[in-house]
Amino acid sequence: MGDTKRVRAALRARTCIAVGITALVIPAVLTVGAAAPAQAASCTTKTGPNQKQVEKFLKLKVDGRQSSADCKAIRAFQTKNGISPNIGYAGPVTWAAMDAINKQKANRNPNAAGKCPTNKGRIACVDLSRQLSWIQDGKTVKYGPVPIRSGRNGFETRTGLKKVYLRSINHYSTLYHVRMPYSQFFDGGIAFHSVGIAMSAPPGSHGCVNMRTGDAKSYWGLLKKGSNVFVYGRKPGT
């Protein structure tokens with residue numbers, strides 16, 4: 001089967017681009033946009049439910065009260081990580097993004113438990129339980145770990161040993177009319193690809209392993225057709 005036919009078959013079987021992001025209601029509606037957010041008109045003065053956690057992450061004065069300095073720092077983080085509206089509100093989406101970064105930093109040896117095979121040469125490992133991925137050669141980590149966003153409840157990313165069978169750097173989903181840059185398909189319609197939203201954005205993808213643009217681009221350079229991919233664990237909430 002040619003590459004074009006394989007893409008069509010894969011997409012008919014299961015297209016996984018993330019759509020329908022659930023909004024979280026706070027003083028204003030907090031959503032995670034698909035494009036870089038526009039600068040908010042002004043910082044919010046409201047104290048968010050995750051104020052102390054966010055202050056601690058950003059190394060600010062931890063007093064649980066919103067200040068202009070707090071808002072400026074939170075807003076900068078939101079802008080960098082694609083969280084919209086970027087008004088400096090210390091809400092659950094912002095904290096989830098920070099928590100994912102904390103977990104990433106805590107896993108400098110992501111395969112310490114030995115769950116991803118070390119006898120396959122270069123392999124992309126995907127840990128659904130921790131929502132992390134990395135590339136390793138034997139026991140040596142070559143890239144990562146990085147945060148990922150896998151399938152939501154009902155569209156869980158399938159586990160097991162796979163192989164990259166198709167790469168499409170400027171892939172476009174004709175089903176959802178959405179770009180899927182740096183797509184590397186490894187299981188039917190499931191692929192690594194970049195998205196312009198935060199990895200913590202609920203509820204999850206339709207099965208694909210969503211990545212930040214820089215990470216998806218690095219995976220594109222490190223993997224090739226035939227590269228091994230190992231997916232294991234279970235995403236929380238699925």
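Me: What makes Tyr-219 count as buried or exposed in this predicted model?

Reply: The relative accessibility of Tyr-219 is 0%, and buried means under 20%, so Tyr-219 counts as buried.

Me: Why is Tyr-143 called partly exposed?

Reply: Tyr-143 has a relative accessible area of 22%; because buried means under 20% and exposed over 50%, with partly exposed in between, Tyr-143 is partly exposed.

Me: What makes the rings of Tyr-143 and Tyr-219 a pair, and why is the pair called edge-to-face?

Reply: Their centres are 6.0 Å apart, and rings pair if their centres lie within 6.5 Å; their planes stand at 80 degrees, and planes over 60 degrees apart count as edge-to-face, so that is what the pair is called. The pair links distant parts of the chain, with Tyr-143 in strand β5 and Tyr-219 in helix α5, 76 residues apart.

Me: What makes the pair of Phe-186 and Phe-192 tilted?

Reply: The angle between their planes is 45 degrees, and because planes under 30 degrees apart count as stacked and those over 60 as edge-to-face, the rest being tilted, this aromatic pair, at 4.9 Å centre to centre, is tilted.

Me: How do you know that the buried residues of α5 line one face of the helix?

Reply: The buried residues in helix α5 are Asp-215, Ala-216, Tyr-219 and Trp-220; seen down the axis of α5, they fall within an arc of 145 degrees, so they line one face. The face turned away from this buried side carries the exposed residues Lys-217 and Gly-221.

Note on methods. Residues are numbered from 1 along each chain as its sequence is written. This is a predicted model: local features need pLDDT of at least 70, side-chain atom pairs count only at pLDDT 80 or more; totals for chains, interfaces and linings use all residues. Side-chain values use heavy atoms; hydrogens and water are left out. Buried means under 20% relative accessible area, exposed over 50%, partly exposed in between (1.4 Å probe, protein chains only). Helices (H or I, at least four residues) and strands (E, at least two) are DSSP runs, numbered from the N terminus. The arc is that of the directions from the helix axis to the C-beta atoms.
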